[in-house]
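Subject: Structure handover and notes

Hello,

As promised, here is the structure for you to open alongside this message. My notes come after it, so please have a look at the model first.

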Amino acid sequence: VSGFLTGITQVSAGSFHSLARRSDGTVWAWGYNYYGQLGNGTTTDAVVPVVVTGVRGAVSISAGGGSACAVLDNGSVRCWGANGSGQLGNGRTSDSATPVVVTGLVAVRSISVGSGHVCAVLANGTAVCWGGNRDGQLGDGSYGDSSVPVIVRGLYDVRAIAAGGFFTCAVLVNGG
């Protein structure tokens with residue numbers, strides 16, 4: 001990767017863009033930027049990494065279809081980019097080229113961005129998801145999209161979660 005990125009502790013690749021988290025908690029992005037998924041306030045593509053605006057203290061990142069999210073050291077989440085299905089989690093469905101706060105989330109341990117939905121594991125071991133849900137990938141028993149996080153029903157003691165195209169998978173603490 002061209003540019004002056006040093007101290008990289010995590011990377012994540014989306015459909016057409018990539019992210020890197022530095023040890024100082026900043027997030028950098030490059031690639032296609034039609035929906036603002038680079039998070040730098042523009043929709044201009046970048047062939048070298050650009051800093052994601054206003055994200056400091058990131059402890060985890062995830063890039064997906066046309067959006068991306070970061071978990072901050074205070075347990076909150078910021079997302080940016082495509083939002084046609086509510087995958088930014090801010091109660092709206094308009095795209096954002098700068099990070100927005102995901103509504104009502106605290107104590108987030110990890111996050112995974114899929115094609116059009118996002119899921120997170122909370123410190124208490126429960127899982128929440130938001131965004132597109134045409135195939136039930138949010139796990140709340142419905143098939144309607146949600147622009148705010150909803151609790152995944154019947155799933156407890158979650159260790160890890162992965163959002164895919166139109167599905168979600170989880171690993172439980174007991175290995176299940």
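Below are my notes, going through the sheets, the loops and then the side chains.

A word on conventions: this is a predicted model, in which local features need pLDDT of at least 70 and side-chain atom pairs count only at pLDDT 80 or more, while totals for chains, interfaces and linings use all residues. Residues are numbered from 1 along each chain as its sequence is written, and side-chain values use heavy atoms, with hydrogens and water left out.

**Strands and sheets**

Strands here are DSSP runs of E of at least two residues, numbered from the N terminus. Two of them pair if DSSP finds at least two bridges between them.

Let me begin with S1 (residues 8–13) and S2 (residues 17–22), which run antiparallel and are joined by five bridges.

Next comes an open sheet of four strands with antiparallel pairing, in the order S5-S6-S7-S8. At its edges stand S5 (58–63) and S8 (96–101); each has a single partner strand, so one side of each is left without a neighbour in the sheet. From one strand to the next, the twist averages 15° (axes are lines fitted to C-alpha atoms, and angles run from 0 to 180 degrees between N-to-C directions). Strand S7 (residues 77–81) is antiparallel to S8, and three bridges join the two.

S10 (residues 117–122) and S11 (residues 127–131) run antiparallel with five bridges between them, and histidine 117 is found opposite glycine 131 in S11.

**Loop residues to look at**

For burial I use relative accessible area: buried is under 20%, exposed is over 50%, and partly exposed is in between (1.4 Å probe, protein chains only).

Two residues other than glycine have a positive phi. Alanine 107 has phi near 55° and belongs to the loop between S8 and strand S9 (108–113); its relative accessibility of 37% makes alanine 107 partly exposed. For aspartate 157, phi is likewise near 55°. Aspartate 157 lies in the loop between strand S12 (146–151) and strand S13 (158–163), and is partly exposed at 47% relative accessible area.

The loop between strand S3 (27–31) and strand S4 (46–51) holds tyrosine 32, and asparagine 33 is in the loop between S3 and S4 too. Are these residues buried or exposed? Asparagine 33 counts as buried because its relative accessibility is 0%, whereas tyrosine 32 is partly exposed, with a relative accessible area of 35%. Asparagine 33 is 31 residues from serine 2 in sequence, and their C-alpha atoms are 17 Å apart in space.

Tyrosine 32 also belongs to a nonpolar surface patch of about 470 Å², made together with Phe16, Tyr34 and Tyr35. Patches are made of residues with over 30% relative accessible area and no salt bridge; like charges are joined within 9 Å, and nonpolar side chains (Val, Leu, Ile, Met, Phe, Trp, Tyr) within 5 Å. Areas come from the Shrake-Rupley method with a 1.4 Å probe.

**Side-chain contacts**

How many salt bridges does a search of the whole structure find? There are two, a salt bridge being a side-chain nitrogen of Lys or Arg within 4 Å of a carboxyl oxygen of Asp or Glu. One links aspartate 24 with arginine 22 at 3.7 Å, N to O, and aspartate 24 is partly exposed at 44%. The other links aspartate 135 with arginine 134 at 3.4 Å, N to O. In that pair aspartate 135 is partly exposed at 42%, while arginine 134 is exposed at 56%.

Finally, have a look at serine 62 in strand S5, which counts as buried at 7% relative accessibility. A polar atom of the serine 62 side chain lies 2.9 Å from the backbone nitrogen of valine 113.

Conventions: Polar contact = N/O pair within 3.5 Å; in protein donor to acceptor, adjacent residues only side chain to side chain.
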